[in-house]
Amino acid sequence: MPSKMDLATKLLELQQTFFPRSCSLCREALNPKQEIFCANCIEDLPYISHSCIRCSEPLLTASICPECQKDPPNYRQCISLCDYSYPISLAINNIKKNPHAPETKQLSRIFSEYLSRAYNDSNMPEIMIPMPAHPLKIFSRGFNQSYLIAQFLSINLENTLLRNDICFRKKLGKPQRMQNRQQRMKILASSFGVKKSSEIQGKSLALVDDVVTTGFTAKAVTANLLQAGAKSVDLWCIAKTSWHNYSSSIKM
Ligand SMILES: [Zn+2]
Ligand SMILES: [Zn+2]
């Protein structure tokens, strides 16, 4: 008797025969396992090859950027799959709008392979936590895209447990620009909370987000997780805006 997996593959093959799909970027025919980008376009994505080892800012060589030398982030390291530029910017837009966006699955799968290589299958964080969204935001959008990405990541990263019940957002809104950096960080940090802190005591964590812009929100969440007893927090994101593309970034 064929397994569920065999049947799913067969169905995909039939779908491809009768309704052929093509790559959303180059229109090349897709094979049944490719969700939206073909192999060539996947190869050409704006991956970050050399970057700051703390914040993932693209650099000419892997080192520590001037910003992190001046003011190191509270998270241990940020690992980003791509630079926030076309076509990743378009993909992120779809990921934020559509809970069934094929980009979420395909980019998360590629990212999980990237993470396995980055950690060399050792010292992988023990727990992954999706960037929490406020209940009103989840209600209006219908989903939390960071949770969806984390769900796909956890399929391949079996040693990292997905927990969506640890960190939560209790306040909406952003601090005023008039306030200084420290005050804004304090206010933003108070927008988040941690439950069941005994379960993250001494553990290494990964905070999962779709896109990281300034890293300000990630630092606020990290402050809460460290205060609750976490040993370390790494930041994982599909895309990171760099200094050259802050102005074109969207944070919806
Ligand atoms: Zn293509
Ligand atoms: Zn840096």
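The model is predicted, so to speak of local features a pLDDT of at least 70 is needed and side-chain atom pairs count only at pLDDT 80 or more, while totals for chains, interfaces and linings use all residues. Residues are numbered from 1 along each chain as its sequence is written, and chains are lettered from A and ligands numbered from 1 in the order in which they are written.

Let's start with the whole chain. It holds 9 helices and 7 strands, taken as DSSP runs numbered from the N terminus (helices H or I, at least four residues; strands E, at least two). Of the 252 residues, 31% are buried, a term for residues with 20 or more other C-beta atoms within 10 Å of their own, against 12 or fewer for exposed and partly exposed in between, with C-beta atoms placed from the backbone. Taking contacts between residues at least 6 apart in sequence, 70% link residues at least 24 apart; a contact requires C-beta atoms, placed from the backbone, within 7 Å.

Now look at the sheet. Five strands form an open, parallel sheet in the order β1-β7-β6-β2-β3. Because β1 and β3 stand at the edges with a single partner strand each, one side of each is left without a neighbour in the sheet. Strands pair here if DSSP finds at least two bridges between them. Follow β7: 6 bridges join it to β1 (residues 77–83), with C237 as the bridge partner of S80 and A239 opposite C82. Another 8 bridges join β7 to β6, where W236 partners V208. In β7, 8 of the 9 residues are buried.

The helices come next. Together, β6, α9 (residues 216–227) and β7 make a right-handed β-α-β unit: with the strands pointing away from the viewer, the path from the first strand over the helix to the second runs clockwise. Helix α9 lies across β6 and β7, at about 165 degrees to β6, while α5 lies across β1 and β7, at about 135 degrees to β1. These angles run from 0 to 180 degrees between N-to-C directions, with axes fitted to C-alpha atoms, for helices over the stretch in contact.

Finally, the core. The largest nonpolar core has 47 residues, and L207, V208, I238 and A239 have the most contacts inside it; such a core is a set of buried Ala, Val, Leu, Ile, Met, Phe, Trp, Tyr and Cys residues joined through C-beta atoms within 7 Å. Leaving aside residues up to four places away in sequence, L207 touches I129, M131, A218, V221, T222, V233, L235 and W236.

Definitions and conventions
Contact = placed C-beta atoms within 7 Å.
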